[in-house]
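Subject: Structure handover and notes

Hello,

Here is the structure for you to look at. My notes on it follow below.

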Amino acid sequence: MHKTANVLNKLPKSQQPKAKRALQEIWMAETKKEALIAFDAFVETYGVKYDKAVACLAKDRDALLAFYDFPAEHWKHLRTTNPIESTFATIRHRTVRSKGCLSNKTALALIFKLAQAAEKSWRRLDGHHHLPKVIRGITFTNGVEVVSRDAQPAAA
């Protein structure tokens, strides 16, 4: 979301709707290969006239496409910043209004209690059963777990 906005800000208003659709084709591709093709198409289409927009996008290419190396169920969570922003919106809302009334110690306690209260409404990550695999470093390609030939049982 933020990268899309940053790239679009470097384009003229007349080009933004078309460019936004092209950027969405990158993030919403079914496979990393399709995303790379869409990425290269964006660079080719906009690179000559709008080099600043392309440079903004290209400098983070690997990081932007890293979610393809995670389970597919996690992709919608990785494509958005909403979990972080919505969590801190409540905290920001309360701390801004009580500015000047709190010492550092009481502000920290307030923030802790607000985060604890917000935690009750959090929902579980889709594909949470894959988290131990991700932590152990099991490889995923295009959202699917890669099973090595050595791990498969021998045919009798």
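A residue counts as buried under 20% relative accessible area, as exposed over 50%, and as partly exposed in between. Asp40, at 39% relative accessibility, therefore counts as partly exposed. Please keep in mind that this is a predicted model.

Overall make-up

The protein has nine helices and two strands. Along the sequence the order is α-α-α-α-α-α-α-α-α-β-β. Of its 156 residues, 26% count as buried. The protein exposes about 11200 Å², and carbon and sulfur atoms supply 58% of that area. Among the contacts between residues at least 6 apart in sequence, 62% join residues at least 24 apart.

Salt bridges

A search of the whole structure finds three salt bridges. Asp40 takes part in one of them: its side chain meets that of Arg61 at 3.2 Å, N to O. Asp40 lies in helix α3 and Arg61 in helix α5, so this pair ties together parts that are 21 residues apart in sequence. Arg61, at 25% relative accessibility, is partly exposed.

The side chains of Lys3 and Asp60 also meet in a salt bridge, at 2.6 Å, N to O. Lys3 belongs to helix α1 (residues 2–8), while Asp60 sits in the loop between α4 (51–58) and α5 (61–64), so the parts tied together here are 57 residues apart in sequence. Lys3 is buried, with a relative accessible area of 13%, whereas Asp60 is partly exposed at 25%.

Asp60 forms a salt bridge with Lys59 as well, at 3.5 Å, N to O. Lys59 is exposed, with a relative accessible area of 61%. Lys3, Lys59 and Asp60 are thus linked in a network of salt bridges.

Aromatic pairs

A pair of aromatic rings is described by the distance of the centres and the angle of the planes. The count comes to two aromatic pairs. Phe42 and Tyr46 form a tilted pair, with 4.7 Å from centre to centre and 35 degrees between the planes. These two residues are four apart in helix α3 (residues 32–46), which means that about one helical turn separates them. Phe42 is buried at 2% relative accessibility, and Tyr46 is buried with a relative accessible area of 2%.

Tyr46 and Tyr50 form a tilted pair too, at 6.3 Å centre to centre and 45 degrees between the planes. Tyr50 is buried, as is Tyr46. Phe42, Tyr46 and Tyr50 form one aromatic cluster.

Helix α8

In α8, Ala107, Leu114 and Ala118 are buried. They cover an arc of only 35 degrees around the axis, so they lie on the same side of α8. An α-helix has 3.6 residues a turn, so residues three or four places apart point the same way. On the face of α8 turned away from the buried side are the exposed residues Lys105, Leu108, Phe112 and Lys113.

Regards

Definitions and conventions
Residues are numbered from 1 along each chain as its sequence is written. This is a predicted model: local features need pLDDT of at least 70, side-chain atom pairs count only at pLDDT 80 or more; totals for chains, interfaces and linings use all residues. Side-chain values use heavy atoms; hydrogens and water are left out. Buried means under 20% relative accessible area, exposed over 50%, partly exposed in between (1.4 Å probe, protein chains only). The arc is that of the directions from the helix axis to the C-beta atoms. Contact means heavy atoms within 4.5 Å. Accessible areas come from the Shrake-Rupley method with a 1.4 Å probe; for residues, only the protein chains shown count as cover. Rings of Phe, Tyr and Trp (its six-membered ring) pair if their centres lie within 6.5 Å; planes under 30 degrees apart count as stacked, over 60 as edge-to-face and the rest as tilted. A salt bridge is a side-chain nitrogen of Lys or Arg within 4 Å of a carboxyl oxygen of Asp or Glu.
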